[in-house]
Amino acid sequence: MGKPEPARYRTTNWKSYNDALKRRGSLLVWLDRDMDWLAPKAGKPGRPSVFSDAAIQFCLMIKVLFGLPLRQTTGMVASILKMAGLDWPVPDFSTLSRRQKTIAVQLSSRRAPGPLNLLVDSTGIKFLGDGEWLARKHGTHRRRQYRKVHLAMDTATGDIRAVEFTSGREGDSPVLPDLLDQIPEDEEIGTVTGDGAFDTRRCHSAILARGGTGARALLRTGGSHVLAPIRRNGRLWKEDCPAALARNDILRATRRLGRTIWKRWSGYHVRSRVEARMRNLKSFGERIASRDPDLQTAEIHIRVALMNRFNALGTAEIERVA
């Protein structure tokens, strides 16, 4: 029997995708001339903030995008404003450092019609410890430290809809309810796809509670609102709730079809798209520059905001041809 031919794919929107790649290199694409650069009067005791959250977020996005220290960031922001013909003041480096601790980063995202189908996953990212060369040459002098980034991605648009930044000891399943809480209440969640770590009662119940009519329709038709492979030694749960019924349906289908066929039949392999997003997250750096936990959280959210902005400029549409 001969070797099967490898699958071939082609990009169907190459012209628009090529233009989007060019726009990503423009410095002025990140600057909105209509933004409120100066903070409005709060009417509270004490000295009011001079710069708005949008201005601080813009400066931090430039910092993360080009991997600059704070002082160099202020210089580059001043140059961008001058290129744009805007006579706006620039926050100094101490203001950026202080405001980064408290800023609520705004994540822009698009909303596709129909129920929201999420892909969830997590990855570790280092923030302290010896460098790679020093570790290979002399061994680590202290235990490397890392934290975990949990992402929930919209399957239709590719935007990151929810993000959590936790300690390295935190598991995936306890964080899932917090990710779902970041989705607006008026937005219906259809399915949530994750790996075997989400095969818990807590995850199944949390997703079903937020699923609305879309998830309940899947249950009525024999489908499941959760696409997570059952552990190889998994057993049937006591069917005392709808979440247990859905989970047992997955286990019976897996036993009947086999894990490989079930993954293809259910569309589980689409989860590779959120794994690619993890690679994009680390393309801004394998290590977090900040050391304070609040600064680290803001830095991760800034990375996610940049990823969504890049994604909104245009992505490749690929179809299989053979």
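Colleague: What volume does the largest pocket have?

Modeller: In this predicted model, the largest pocket has a volume of about 780 Å³.

Colleague: Which residues lie nearest the centre of that pocket?

Modeller: Arg273, Arg277, Asn311, Thr315 and Ala316 lie nearest the centre, out of 24 residues that line the largest pocket. A residue is counted in the lining when it has an atom within 4 Å of a point of the pocket. Helix 1 (14-24), helix 10 (272-282), helix 11 (293-313) and strand 7 (318-320) each contribute at least two residues to this lining.

Colleague: Which residues have the most contacts inside the largest nonpolar core?

Modeller: They are Leu31, Trp37, Phe58 and Val149, in a core of 44 residues. Elements giving two or more residues to this core are helix 2 (53-66), helix 3 (70-83), strand 2 (116-128), strand 3 (145-154), strand 4 (160-167), helix 10 and helix 11. Apart from this core lies another, of 18 residues, including Leu116, Val175, Ile183 and Ile207.

Colleague: What does Phe58 touch, not counting residues up to four places away in sequence?

Modeller: Phe58 touches Trp30, Leu31, Met35, Trp37, Val77 and Ile80.

Colleague: Why is Phe58 called buried?

Modeller: The limit for a buried residue is under 20% relative accessible area. Phe58 has 2%, and is therefore buried. Trp37 has a value of 3%, so Trp37 is buried as well.

Colleague: Why is the pair of Trp37 and Phe58 called edge-to-face?

Modeller: The structure holds 5 aromatic pairs, and this is one of them. Two rings pair if their centres lie within 6.5 Å, and planes over 60 degrees apart count as edge-to-face. For Trp37 and Phe58 the centres are 6.0 Å apart and the planes stand at 65°, so the pair is edge-to-face.

Colleague: What makes this pair a tie between separate parts of the sequence?

Modeller: Trp37 belongs to the loop between helix 1 and helix 2, while Phe58 is in helix 2; the pair therefore ties together parts that are 21 residues apart in sequence. Ring pairs also link Trp37, Phe58 and Trp88 into a cluster.

Colleague: Why does Gly67 count as exposed?

Modeller: Exposed requires over 50% relative accessible area. Gly67 has 61%, so Gly67 counts as exposed. Gly67 is found in the loop between helix 2 and helix 3. From C-alpha to C-alpha, Gly67 and Asn311 are 20 Å apart in space and 244 residues apart in sequence.

Colleague: Is Arg47 buried or exposed?

Modeller: Arg47 has a relative accessible area of 78%, and is therefore exposed. Arg47 lies in the loop between helix 1 and helix 2.

Colleague: How many helices and strands does the chain have?

Modeller: The chain has 11 helices and 7 strands. Its C-alpha trace spans about 65 × 55 × 50 Å along the principal axes. Of the 322 residues in the chain, 43% are buried.

Colleague: Among contacts between residues at least 6 apart in sequence, what percentage join residues at least 24 apart?

Modeller: The share is 65%.

Technical notes:
Residues are numbered from 1 along each chain as its sequence is written. This is a predicted model: local features need pLDDT of at least 70, side-chain atom pairs count only at pLDDT 80 or more; totals for chains, interfaces and linings use all residues. Side-chain values use heavy atoms; hydrogens and water are left out. On a 1 Å grid over the protein atoms alone, a cavity is a set of points where a 1.4 Å probe fits but cannot get out, and a pocket is an open set with protein on both sides within 12 Å along at least five of seven lines; lining residues have an atom within 4 Å of a point. Grid points are joined across faces, edges and corners, and a volume is the space filled by probe spheres set on the points. Helices (H or I, at least four residues) and strands (E, at least two) are DSSP runs, numbered from the N terminus. A nonpolar core is a set of buried Ala, Val, Leu, Ile, Met, Phe, Trp, Tyr and Cys residues joined through side-chain atoms within 4.5 Å. Buried means under 20% relative accessible area, exposed over 50%, partly exposed in between (1.4 Å probe, protein chains only). Contact means heavy atoms within 4.5 Å. Rings of Phe, Tyr and Trp (its six-membered ring) pair if their centres lie within 6.5 Å; planes under 30 degrees apart count as stacked, over 60 as edge-to-face and the rest as tilted.
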